[in-house]
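Biologist: I am new to this structure and would like a guided look at it. Could we go through it together?

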Amino acid sequence: MLVIGCALFQEEEVVYLTEAERLHAGQDEVRRRLGVPGFMQLLSTGEMLWSYRIWTNTGGDLNGPGTSYCDRYELWFDRQATLRRWTRQDC
């Protein structure tokens with residue numbers, strides 16, 4: 001039950017990227033799901049680094065305004081354009 005509860009509170013991107021990494025998704029598939037990355041860099045290793053900043057806003061209510069927060073996702077693709085790893089950090 002605890003595992004299921006934790007999964008319900010994970011960001012949509014975390015759930016997607018975990019599965020995409022497991023299935024070795026390609027750049028085209030990731031771009032279709034997350035859009036064009038805000039930053040791309042070809043690394044000296046031949047890997048491609050993509051970076052996304054995703055803002056989330058929580059709606060306010062009668063008790064006050066909502067809040068917003070930013071997550072930065074960095075994705076590494078191998079020379080065959082396959083997702084190999086990713087990280088999430090606060091912006």
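**The disulfide and the sheet**

Modeller: Let us begin with a search of the whole structure, which finds one disulfide. Please keep in mind throughout that the model is predicted.

Biologist: Which residues form the disulfide?

Modeller: Cys70 and Cys91 form it, with their sulfur atoms 1.9 Å apart. The two cysteines are 21 residues apart and link distant parts of the chain: Cys70 lies in strand β3, and Cys91 lies in the segment after β4. The link of Cys70 and Cys91 is left-handed, with -45° about the S-S bond.

Biologist: Is Cys70 buried or exposed?

Modeller: Cys70 is buried, because its relative accessible area is 7% and the cut-off for buried is under 20%. Cys91, by contrast, counts as partly exposed, at 43% relative accessibility.

Biologist: Let us step back. How many helices and strands are there in the protein chain?

Modeller: The protein chain has three helices and four strands. Along the sequence they follow the pattern α-α-α-β-β-β-β.

Biologist: In what order do the strands sit in the sheet?

Modeller: The order is β1-β2-β3-β4, in an open sheet with antiparallel pairing. β1 (39-42) and β4 stand at the edges with a single partner strand each, so one side of each has no neighbour in the sheet. On average, neighbouring strands of this sheet are turned by 20° against each other, direction ignored.

Biologist: How many bridges join each pair, starting with β1 and β2?

Modeller: Four bridges join β1 to β2, and Met40 stands opposite Trp50 in β2. Strand β2 (residues 48-57) pairs with β3 over ten bridges; there, Trp50 has Leu75 in β3 as its bridge partner. Seven bridges join β3 to strand β4 (residues 83-90), with Asp71 opposite Asp90 in β4.

Biologist: What lies between β3 and β4?

Modeller: Five residues lie between them, and the two strands form a hairpin. Ala81, in the turn, has a positive phi of about 65°.

Biologist: Why is β3 described as largely enclosed?

Modeller: Seven of its ten residues are buried, so β3 is largely enclosed by the rest of the structure.

Biologist: I would like to look at one residue of that strand, Glu74. Is Glu74 buried or exposed?

Modeller: Glu74 is buried, with a relative accessible area of 18%. That value falls in the buried class because the cut-off is under 20%.

Biologist: Which side chain does the side chain of Glu74 join in a polar contact?

Modeller: That of Arg72, at 3.5 Å. Leaving aside neighbours within four places in sequence, Glu74 is in contact with residues including Leu49, Trp50 and Ser51, as well as Arg85, Trp86 and Thr87.

Biologist: What percentage of the contacts with a separation of 6 or more comes from residues 24 or more positions apart?

Modeller: Such residues account for 37% of those contacts in the protein chain.

Technical notes: Residues numbered from 1 in each chain as written. Predicted model: local features only at pLDDT ≥ 70, side-chain atom pairs only at ≥ 80, totals over all residues. Heavy atoms only, no water. Buried < 20%, exposed > 50% of the residue type's maximum accessible area, 1.4 Å probe, protein only. Polar contact = N/O pair within 3.5 Å; in protein donor to acceptor, adjacent residues only side chain to side chain. Contact = heavy atoms within 4.5 Å. Pairing = 2+ DSSP bridges. Disulfide = S-S within 2.5 Å. Axes fitted to C-alpha atoms, helices over the stretch in contact; angles between N-to-C directions.
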